[in-house]
Structure formats: C-alpha cells, structure tokens
Amino acid sequence: MCGIVGYIGKRNALPVIIDGLKRLEYRGYDSAGFTILSDKGEYITFKKAGRVTDLEESIDFEKYIGNVGIGHTRWATHGEPTDANAHPHFCMEEKIILVHNGIIENYKAIKSKLESEGYKFKTDTDTEILANLINYNYKKTNDFVKAVQLSLGGVDGTYGIACLCTDEKDKIIAARKGSPLLLGVGDEEFIIASDAAAVLSYTRNVIYLNDGEMAIVTKNSHTLKTIEDVEIIRDIQVLDMVLEQIEKGGYKHFMLKEICEQPESIQNTFRGRINFETGVAKLGGLEKVLPQMLNAKRYIITACGTAWHAGLIGEYMIEQYCRIPVEVEYASEFRYRRPIIYKDDVVIGISQSGETADTLEALREAKKYGATTIGIVNVIGSTIAREVDAGTYIHAGPEIGVASTKAFTSQLMSLALITMMIAREKNTLFSKTLREMAQELKQIPEKIKRMIDRKEDYKSVAEKFRKSKNFYYLGRGVNFPVALEGALKLKEISYIHAEGYPAAEMKHGPIALIDKKMPVVFIAPKDRTYDKIISNIAEVKSRKGIIIALANEDDDNIKNYADYILRVPKTLGIFAPILNIIPLQFLSYYIAAMNNRDVDRPRNLAKSVTVE
Ligand code: F6R
C-alpha cells in the first residue's frame, strides 16, 4: 500500500510528483506529501492528511521550484493519518529524507537501539525510524549509498523507498523488498514510482527493481545494485500501455468505465488462446508446467478478496470438468497454518495487482515445499508474475477503481481457458463439448454488451434500494461465489452491510433476519439448481423479504416470485458467473454513486494490499 514517486531531471519536479501521486492514489489516500530540493538549494516539504487533491489545493506551486523531489500518498499502517505522520519523514538531524511503502517489522528494536544512541522521534511511524537508522549509518560511513545498504540489511519487513540526503544533493536512492518499485528512464530525467501509471505521461521506458535491489539515480545517470553492493546490469523494458488506458475517458468513475470495458477486456483474455472450430485452448505461459498440471493429484488456489471469489469459481470449474480435486485458500490463512503441501501439488495464485503480500507469501511458501506455482495475474512484470514457475496474464488492462470488476471477469475467463485446456488433455470432456464451449465463449463479449445496454434497468433497481441498510445475496453451486462477490462489491463501495450465502443455508440461521425491509438478491439463472432456488425464493417471500432476482432473459416464470428482476443472457455453466456478476457490479456502482460515495476510492481501502 502507499504510493511513492521520485523525480530527478530537467523538469520542475513538483508537477510530475503531484501527477504521479494522483495516479497512485488507488494505493492509499489517507495523507500525502512531498519534499523538493529548490533552485536555491533548500529542501522544502509540505504534507497533509487527506487526499492528493487536498494537498494540491493547499500549495502555491510557485514556491516549490526545483528539479529533484520525492512524494508519497499513504495508506496508514503505523500511526493515524495525521499531518505529522504523513510522508516524507526526516531523521532527527534532517539530513535524511524518506518516503516509504511497506512495514518495518523490527521497528521497535531499531527504535530502542537508536534511542540508546540519543535519537528522538516526532511521529508514530516506522518510516521515521528507518530515516534515523540511515542517518546513524551515514554518520559511521560518510557514504549515502553504504548507509542505505547497511540500514536495509538490518531491516525485517517490507519496503519500497525513495530517499534524499542533504549532503549529496543531486541524488535519489530507491530500493525495494516486498513493495513494488520501478524506474522510468526518460530523456535526461528519471522517475521512481510504485507503479507504471505514474511514469507513463513522461516515458514508456522502465526498469523494474527486484527484491533486495536499489537504484542510485542522478540527473544523468542511474546505477543498479543489490543491497549487498553487487552491481546489476538490466535492460530497459518498453511499457505496452498507453495513457488513455489509465484515464477516465468521459466516464464519471473508473469503476463505471471498467464495468463497461468488459466486452473488450474479456476478449483480450481469450484472444489467440482458443481455436473456435476445434475447441482447443492453449495458454503459452503454462506450457512448460503442463506435465505437472496433468499429473497433479490436486490443485490449491490461493488469493484474497475478489480474486479469492474467482478461485472458488475456479474450483467448481476444474473439479467438474477436469475431475481434479481443488482446494481454495485465503492466502492470509494458508501461509500461517503449516499447510500440507506436496511436491506434486500445483498451487495457483490469483492476483490482479500481482503484488498482494499475502498471496505472494503463500506462493513463496508453496515453492519452499517444492510445489509447482502458477500465477493468474493482470499487472505485467509484477512480483507474483516474476516469481512463479509459470503463469498466464489475464490482459484486462489497467484497473484503477479500487473495487475489482473487469479483472474479476478476466480471472474467470482465464480459469475457464485453463479448465478447457486441462480437460482436453485429460480427456475428461468430449471434443464436441469443448467445441460447444468454444462457440459459446465467442458470444460472451456480445452478451456482456447486451447487459451494458440494459444498465438503466439495473440503475432503476438501485434507485429503489439505495437507502436499504442490509442486503442478502444468495446463490447455489457456482453462483454461490457470485453471491459473495456481489455482496463484497456493495459493502466496499457503498458501506451498506451485505452478506453472501449459499441459498439453501438460509434455513440454518440467517433466515431469522428476513423481514419486509430486507432486500434479497437471488442469483437464479436457469441451470440445474433452478427449481431448488425457486423454493428458496418462496421461503424468503413467505417471510415478507423483498426479492430481487437475477434471471435469464427468457425466464417468464420468475415474474411469479420476484419483486424486481435483473435480466441476464443465458450461457453455459462454465461461463455463467462471468455474465451473472455484471448486473451486480452495476447495482453496487449505482447504489454507491447515488449515495455520493467516493466510488473509486472507498474509505479505508487501497487497491494494492502490499502489507500482510
Ligand atoms: C475487491 C478487491 C479486493 C482484491 C484483493 C486482492 O473489489 O479489489 O478484494 O481483490 O485485495 O487483490 P489482488 O487481486 O490485486 O491480489
């Protein structure tokens, strides 16, 4: 969490830093700040609790002219989101200035050691302790690079940092372990950033840092080293992304734009990976682990949040069509309970950002046991993508809205392709069935478009329930995780309490909450559980609950039961969750927007959770 930006070069640094921070705000938005080395050789800092726009509105840009600077947007971990706790942080002597993304786990021990050396602290942050540690080592070595190396060598936890030293003015040192960091290489300028979005306006040439690496950047040079001082040669990569992809393009919110992009994002996920005539799915990135995937006695899927919901749906797909047992694990739980992992297990991590700390660590844990690790990831070049044995990119394009939408449907499409690939190899599906699946897959973007054209219908249902205090989302089979995801979407952006449940479980307790004020969203497409779900609807209706049914376009029967209907096109079971989630994404979006919520930056959240 947190976003960091550093600039050194020919331009005025502050506008680049503010622009970068705005683009990284999805990583945290509790407070923001910057330090600029002014033309007069002075370091000037401004920091403030609140959003980057609050910071921007409070500053007179004329006062901060200079070509070197660092900035930060924060998601609070240690210390409340106050002005004082905002970054940058200084060492006691104000010689070292630091922005930091991550958590220094042994901060207490370092603090006591520094206190015994006479150091005093002004804030509650672990970052201030690191700034002082660098200062302590600087005093010993009189060398900025060595001081950073020595300090980071003694730190447990995670960091992405950009650091200034008032004695070595034209230099920024950046380093990472566990928090993403890259260096944009422009024409006589460098930009350090947590994510490519912050550099794209200036350059598409980037160098990604790996864990344990640092960049020493001056106005006209950059050197890469490990923390142990081994020099590194690394090629520059050219970003395959354009600015329009990360801008709103006329939509009020990124979330709405991203919901509406799904016909294209889904197409990008399967483009070139499926033969529609033969039904053969091919995922180049997984070819080298295909033998392990075919021989595995079980798959373990690990992920967090929305990606975990995708994993649950993947479990249904792989078990049903490939007949391979699948376990789905919250990454945060998996790694801390001495999991039993065999060498011939395949462990699949699903992550939009490719940086979620728990998912990354769960995959590292699996690797330790010798399992084959696979990533289903959106962000190209992200840590998970680089560390797994093999993987497949979902190619959904940049997802900026904090609530995941298009990444979720592309994760599902990737899982469907994996299922088709493995089922064919293992002969668990007939070729005819695979051909039918491929033909149907081709229709999915068009069917999503039909729902986007119907968004006003979904909006009118949202209008009716915008003031509701609680919601249930119920589904059966593969639509149970869709219910979980629908409920998560609503609570995270509208702050309305919502729970997802398997529809038949209602009777075992939760039905006690049903009354005439409780809207219950039933995911009720015409599949083999349809009759059962109709019975569950009847049970809720007879207790005066309000029924919102998600039903197929040709389902007239549903009118006998539902008070409101969200229509979805019919499709095969393997693709149904991809379609069924879309009205639920719209429902939560419109409810949140009508309640004037900050849809793209909901309170307390951050897009990329790089702390454990
Ligand atoms: C919810 C949401 C989160 C993420 C979760 C994992 O809308 O976006 O629940 O799904 O934080 O993030 P990634 O996929 O980046 O690992």
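## The largest pocket

A pocket is an open set of grid points with protein on both sides within 12 Å along at least five of seven lines. In this predicted model, the largest pocket holds about 790 Å³ of space. Its lining consists of 41 residues, and the closest to its centre are Met241, Asn378, Val379, Ile380 and Pro398.

Strand S15 (237–238) and helix H7 (262–270) each contribute at least two residues to the lining of this pocket. Helix H7 gives the most, with three residues.

## Enclosed cavities

The structure contains three cavities of 30 Å³ or more, and the largest cavity has a volume of about 70 Å³.

The residues that line the largest cavity are Cys2, Arg74, Trp75, Thr77, His78, His87, His100, Asn101, Gly102, Thr125, Asp126 and Thr127. Strand S6 and helix H4 are the elements that give two or more residues to this lining.

Strands of a sheet pair through backbone hydrogen bonds, either parallel or antiparallel. In the model, seven strands form an open sheet in the order S5-S6-S7-S8-S12-S13-S14, and the pairing is antiparallel. Strand S5 (89–90) and strand S14 (231–232) stand at the edges with a single partner strand each, so one side of each is left without a neighbour in the sheet. S5 is joined to strand S6 (residues 96–101) by two bridges, and the two strands run antiparallel. Within this pair, histidine 89 stands opposite leucine 98 in S6.

Is strand S10 (residues 189–193) mostly covered or mostly uncovered? Five of its five residues are buried, and S10 is therefore described as mostly covered, where buried means under 20% relative accessible area. Glu189, Ile191 and Ala193 point one way from S10, whereas Phe190 and Ile192 point the other way, and all are buried.

Strand S1 (residues 3–9) pairs with S10 in the antiparallel sense over five bridges, and phenylalanine 190 in S10 is the bridge partner of isoleucine 8. Strand S9 (residues 182–185) also pairs with S10 in the antiparallel sense, over four bridges. Here leucine 183 stands opposite isoleucine 192 in S10. S9 and S10 form a hairpin with three residues between them, and in the turn glutamate 188 has a positive phi of about 55 degrees.

Strand S16 (residues 299–303) pairs with S18 in the parallel sense over four bridges, and threonine 302 stands opposite glycine 349 in S18. S18 is also joined to strand S19 (residues 372–377) by six bridges, and these two strands run parallel. Isoleucine 376 in S19 is the bridge partner of isoleucine 350. Together, S18, helix H11 (residues 357–368) and S19 make a right-handed β-α-β unit.

## Two individual residues

Threonine 405 is found in the loop between strand S20 (390–393) and helix H13 (406–426). Is threonine 405 buried or exposed? Its relative accessibility is 0%, and because buried means under 20% relative accessible area, threonine 405 counts as buried. Leaving aside neighbours within four places in sequence, threonine 405 is in contact with Met255, Glu258, Ile259, Gln262, Glu399, Lys489 and Gln585.

Serine 535 is found in helix H17 (residues 530–541). The C-alpha atoms of serine 535 and alanine 503 are separated by 9.7 Å, and the two residues are 32 residues apart along the chain.

Conventions. Residues are numbered from 1 along each chain as its sequence is written. This is a predicted model: local features need pLDDT of at least 70, side-chain atom pairs count only at pLDDT 80 or more; totals for chains, interfaces and linings use all residues. Side-chain values use heavy atoms; hydrogens and water are left out. Two strands pair if DSSP finds at least two bridges between them. A crossover is right-handed if, with the strands pointing away from the viewer, the path from the first strand over the helix to the second runs clockwise. On a 1 Å grid over the protein atoms alone, a cavity is a set of points where a 1.4 Å probe fits but cannot get out, and a pocket is an open set with protein on both sides within 12 Å along at least five of seven lines; lining residues have an atom within 4 Å of a point. Grid points are joined across faces, edges and corners, and a volume is the space filled by probe spheres set on the points. Buried means under 20% relative accessible area, exposed over 50%, partly exposed in between (1.4 Å probe, protein chains only). Contact means heavy atoms within 4.5 Å.
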